[in-house]
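Open the model in your viewer and keep the selection panel at hand.

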Amino acid sequence: MKPQIVTRRWLAWLVGLAALALVPLGIRYGFASSEKYYLHILIQILLWAFIYTGWSLMGRFGLTSFGHGAFTGIGAYGVVLLWNYAGITPWIGIPVAVVVAVIVGLLVGYPCFRLRIVGHYFALLTLALTEFVRLCIVGLRDYTGGSLGTQPARYGNGISLYAMQFEPDRVLSYYIALALWVVGLYVWWRVDRSMDRYALQAASQDEDAAASVGIDVTREKLKITAISAAMCAVGGAVYAQYQMYIGPETVAGLGVSLNIVFAVIAGGMWVMLGPTVGAVFTQLLSETLRVSIQSSATLTAWLGNGALALDTMIYGLLLILFIIYMPKGILGTLLERRERKVTAAGTSPAPAVSR
Amino acid sequence: MDCQLDIFFLEAVLNGLLLGGLLALLALGLNLIFGVIDVVWICYAELVMVGMYGIYYAEKSGVPFLAAALFGILLIALAGVILHYLVIRPVLDSAPINQLLVTGGVLFVLQAAATMAFGIDFKNIGIRLGSVNVFDMSFSYARIVTFGVAIATMLVLWVFLQRSYIGIAIRAIAQDRAIMPLMGVDQRKVYLVTSGIGGALAGLAACLMVLQFDIYPQIGLQFGPLIFMICVLGGLGNMIGGFIAAFIISEFIAVGGSCFATEWGYAIAFLFFMVVIFIRPQGLLGGKS
């Protein structure tokens with residue numbers, strides 16, 4: 001029974017990936033007039049989905065961090081500053097930024113986990129980390145451009161493997177984002193299938209009990225922190241290379257951290273594609289709102305500049321509603337409902353892990 | 001980097017002290033709420049922001065400032081009660097982190113609502129109290145008044161918690177959540193009263209802040225992280241700890257800011273906070289976990 005399920009699942013994955021790989025083709029023939037725009041939205045979704053997946057690696061084990069804006073910020077600014085001021089290619093810059101982000105993560109994580117800082121304290125401490133990194137970025141304004149942000153220096157015509165700049169070629173950017181997203185899901189899957197997952201799950205429920213059966217809780221948490229921080233740093237770096245602009249509020253800071261947390265909760269923290277669903281949901285929501293506000297004269301007249309805040313408003317309301325009524329998120333709730341139906345129908349229940 | 005022990009250094013230290021009074025007041029409300037209800041209002045600074053707008057528009061519509069201030073205090077007290085009733089109560093029994101996140105949602109809503117209703121431009125109430133010069137140092141009266149009111153409020157709250165029935169009930173609930181309902185204290189009522197007081201404190205802070213700062217929708221993001229840091233540094237829920245921590249942090253900001261640049265003052269304060277928490281995770285004076 002089991003091998004068959006695995007095969008069927010793999011097949012579904014392959015078909016899904018093939019479909020995603022063909023999307024640019026479909027857009028070119030179906031929506032040629034605004035090809036760049038649709039690809040831009042898809043790229044945004046994929047890149048953020050990767051970052052959200054990185055966050056959810058910690059979030060699903062009760063390590064609710066408000067500090068991941070620090071890691072995306074380190075990734076983005078590290079790579080751009082190395083490129084702009086030292087001429088170091090992102091191929092070296094990204095590993096350097098990842099190492100820095102991981103070191104920061106471990107430096108903050110180690111005392112946290114040793115001293116069992118969890119829950120509120122962990123969230124507020126990581127919030128301080130986010131603010132610290134943002135303030136450093138603003139403070140180093142001679143290099144970072146302060147709160148106005150900065151741009152990676154363009155190399156040649158803007159498309160270069162050496163400088164890792166692909167932005168003008170949206171189709172290529174799409175495939176890069178897609179590849180990154182797949183890697184992110186693979187990391188998630190590997191973590192999900194590892195012993196570490198069971199150890200962390202045990203630790204998140206009862207740290208004493210977990211420690212008493214021989215789990216090195218601190219070590220396990222540090223491992224997952226390193227992976228999570230590294231993913232967010234890579235995500236921030238690639239996002240910077242795609243956007244060709246970074247600012248302390250767009251890649252670092254409390255706003256980014258809260259957006260990450262919200263999107264993952266909306267999508268579903270405990271399932272593989274939950275963060276991706278969260279990214280689809282939040283990006284489409286803000287994009288739809290933006291477009292409909294711009295095209296509706298009455299709304300613009302009524303709200304003026306404030307119309308831009310409408311999506312934040314709806315985010316906030318949804319976040320409240322999700323936490324109160326749907327803490328498992330969109331995908332988590334849907335899957336749970338389906339599973340219940342399957343179990344009720346008497347067929348074999350789907351394996352609880354990895355989907 | 002002209003960090004010398006001259007009169008400007010002393011001025012920075014004293015201004016830090018004055019800022020500390022305001023931060024202590026801000027931390028007080030959050031600590032009270034956490035100590036009693038065990039919930040962190042991530043949106044606390046946003047309530048202050050709403051209060052500032054309330055006072056600003058009340059004052060602009062011709063109401064005398066003191067009446068506008070009273071209006072602001074009552075408005076935010078009411079907002080606190082509503083917040084508790086609508087948002088906190090449904091998640092009282094779920095994981096602590098959900099309570100934190102749900103108020104994070106309120107943060108988004110309040111900030112966006114303010115942007116939509118009042119626009120993104122900076123507003124200033126335009127009341128100038130002037131400043132006093134001592135030797136070569138200058139201190140604005142707004143800061144001195146703020147400091148005085150903040151200290152007085154803390155004393156009043158202290159007496160209230162020590163002497164009044166509801167104050168004693170609040171402290172009792174903070175000590176043992178399970179036993180007090182059995183002793184005949186209506187827990188829900190205490191929660192609502194606490195939320196109201198916490199909101200009123202935020203409203204009072206708003207009254208003092210409109211005298212010193214420009215009002216804009218993101219002002220909460222500037223103060224919020226600072227307030228949380230102070231509360232955690234002093235030990236969440238520990239009001240005396242928060243009081244002391246407020247002055248430590250404000251000195252870092254003021255002195256660091258005068259020696260380097262403003263952001264570095266804040267950055268040093270955050271760094272200091274993280275280091276201290278690693279040495280004493282329960283906070284400076286924190287006893288209970």
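Helices (H or I, at least four residues) and strands (E, at least two) are DSSP runs, numbered from the N terminus. This is a predicted model: local features need pLDDT of at least 70 and side-chain atom pairs count only at pLDDT 80 or more, while totals for chains, interfaces and linings use all residues. Residues are numbered from 1 along each chain as its sequence is written, and chains are lettered from A and ligands numbered from 1 in the order in which they are written.

**Stop 1: chain B.** From the N terminus the order is α-α-α-α-β-β-α-α-α-α-α-α-α. Along the principal axes, the C-alpha atoms of chain B fill a box of roughly 60 × 50 × 35 Å. The radius of gyration of chain B, 19 Å, agrees with the value near 19 Å for a compact globule of 289 residues; this radius is taken over C-alpha atoms, and the globule rule is 2.2 Å times the number of residues to the power 0.38. Of the 289 residues of chain B, 53% count as buried (20 or more other C-beta atoms within 10 Å of the residue's own, with C-beta atoms placed from the backbone).

**Stop 2: the side facing chain A.** Now show both chains. Here 43 residues of chain B are in contact with 39 residues of chain A (C-beta atoms, placed from the backbone, within 7 Å). Select α4 (96–118), α9 (219–234) and α11 (262–279) of chain B, the elements that give two or more residues to this side. Which of them gives the most? It is α4(B), with 18 residues. By class, this side of chain B has 35 nonpolar, 7 polar and 1 charged residues. Ala, Val, Leu, Ile, Met, Phe, Trp, Tyr, Cys and Pro count as nonpolar, Asp, Glu, Lys and Arg as charged, and the others, Gly among them, as polar.

**Stop 3: a helix pair.** Select residues 65–88 (α3) and 187–210 (α8) of chain B; their axes come within 7 Å and cross at roughly 145°. The axes are lines fitted to C-alpha atoms over the stretch in contact, with angles from 0 to 180 degrees between N-to-C directions. Residues that meet include G72(B), G80(B) and H84(B) in α3(B), and Y191(B), G199(B) and C207(B) in α8(B). This contact has 16 nonpolar, 8 polar and no charged residues.

**Stop 4: chain A.** Select domain 1 (1–30) and domain 2 (39–266) of chain A, with bounds from an automatic or database domain assignment. Their C-alpha centres lie 27 Å apart.

Technical notes. A residue is buried if 20 or more other C-beta atoms lie within 10 Å of its own, exposed if 12 or fewer, and partly exposed in between; C-beta atoms are placed from the backbone. Two residues are in contact if their C-beta atoms, placed from the backbone, lie within 7 Å.
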